[in-house]
Amino acid sequence: NANAFVPWMIVTLLLVGLFYASRGMMEPLMDGDITRALDQAAKSNPQMTPELIEKSKAMARVTTQWGIVLFIPCGIFLLGLFTWIVGKVFGGTLTYGTAVLIASYAWIPKVVDSLARMVQGLTMDISKFSSTYQLSASAARFLDPETTSQAMVNLAARADIFVLWTTVLLAIGLVSAGKVPREKGWIAGVTMYLLGSITMIWGVIKGG
C-alpha cells in the first residue's frame with residue numbers, strides 16, 4: 001500500500017541525470033548505433049533514399065537526446081501496467097499503484113547499469129568502441145556491431161546481468177507485494193522476461 005510516487009520520481013531523476021551527465025562521452029557511440037540501425041534498415045527497404053536516411057538520423061538523435069525525459073517515467077508506468085496484467089493472470093491481488101511501485105524498484109538496476117557505463121566511459125578509451133552495447137554487461141558486448149545484424153545484437157542485449165536482476169526483482173515484488181502465489185511468482189517473472197524479448201526474437205527470425 002506504499003505510495004509509488006517517491007520511488008518512481010527518485011529512479012526517474014537518477015536515470016535522467018545520469019543520462020545527461022554522460023551524454024557527452026556517449027554521444028559518438030549512440031550516433032554509431034543509430035547509423036548502423038538505419039543503414040541495415042535501408043538494405044531491406046529500397047524506398048529509404050539517402051536523403052530520407054539523413055533526416056531519420058537527425059530525428060533519431062533529437063529523440064534520443066530529449067525523448068529520454070519522457071521515455072523513462074512513461075517506461076516505468078508501462079512496465080507497471082505490464083506487471084499488473086501479468087500479476088492478475090497469475091492470481092495476484094495487486095492494484096495498478098502497487099504494480100508501479102514494483103516496477104519502480106525493479107528499475108533500480110538500470111541506475112547501477114548507467115553508473116557502470118559511466119565509470120567505464122571515464123576509465124577506458126571508448127574512442128576504440130563503436131557501440132553503446134560494448135559498455136553493457138550483456139552478451140551483446142562481445143559481438144562485433146559492424147558485422148552482426150542489429151536484430152541479433154538487440155536479442156543478445158537481453159542476456160544482460162541488469163535485465164536479469166530487474167526480472168528477479170519483478171518476480172519478488174509480485175510475490176511479496178502483489179500476493180502472487182510463491183510457486184507462480186518465478187513463472188510470472190520468466191513470462192515477463194520472455195514477453196519482453198518477443199520483438200527481438202521475431203527480429204532475428206525475420207532476418208533469417
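In the predicted model, serine 138 is placed in the loop that runs between helix 5 (108-123) and helix 6 (150-158). Its relative accessible area is 4%, and serine 138 is therefore buried, the limit for this class being under 20%. Beyond the residues up to four places away in sequence, serine 138 touches Ala156, Ala157, Ala159 and Asp160.

Aromatic side chains were examined next. Five aromatic pairs are found in a search of the whole structure. Because tyrosine 20 belongs to helix 1 (residues 5-44) and tryptophan 66 to helix 2 (residues 50-66), the pair ties together parts that are 46 residues apart in sequence. Tyrosine 20 has a relative accessible area of 26% and is thus partly exposed. Ring pairs also join Phe5, Trp8 and Phe77 into a cluster.

Two arginine residues are positioned over aromatic rings. Arginine 158 lies over the face of tyrosine 193, and here the distance to the ring centre is 4.7 Å.

The largest pocket holds about 1,800 Å³ of space. Its lining comprises 49 residues, and those nearest the centre of the pocket are Ile68, Phe71, Lys110, Asp113 and Arg117. Contributions of at least two residues each come from helix 1, helix 2, helix 3 (68-89), helix 5, helix 6, helix 7 (161-176), helix 8 (182-196) and helix 9 (198-206). Among the contributors to this lining, helix 1 gives the most, with ten residues.

The backbone at lysine 179 was also considered. Most residues other than glycine have a negative phi. In lysine 179, by contrast, phi is positive, with a value near 60°. Lysine 179 is found in the loop between helix 7 and helix 8. The relative accessibility of lysine 179 is 52%, so this residue counts as exposed, the threshold being over 50%. Serine 138, likewise in a loop, is instead buried.

Conventions
Residues numbered from 1 in each chain as written. Predicted model: local features only at pLDDT ≥ 70, side-chain atom pairs only at ≥ 80, totals over all residues. Heavy atoms only, no water. Helix = DSSP H or I, 4+ residues; strand = E, 2+ residues; numbered from the N terminus. Buried < 20%, exposed > 50% of the residue type's maximum accessible area, 1.4 Å probe, protein only. Contact = heavy atoms within 4.5 Å. Phe/Tyr/Trp six-rings, centres within 6.5 Å; stacked < 30°, edge-to-face > 60°. Lys NZ or Arg CZ within 6 Å of the ring centre and 35° of its normal. 1 Å grid on protein atoms, 1.4 Å probe; cavity = no way out; pocket = protein on both sides within 12 Å on 5 of 7 lines; lining within 4 Å. Points joined across faces, edges and corners; volume = space filled by probe spheres on them.
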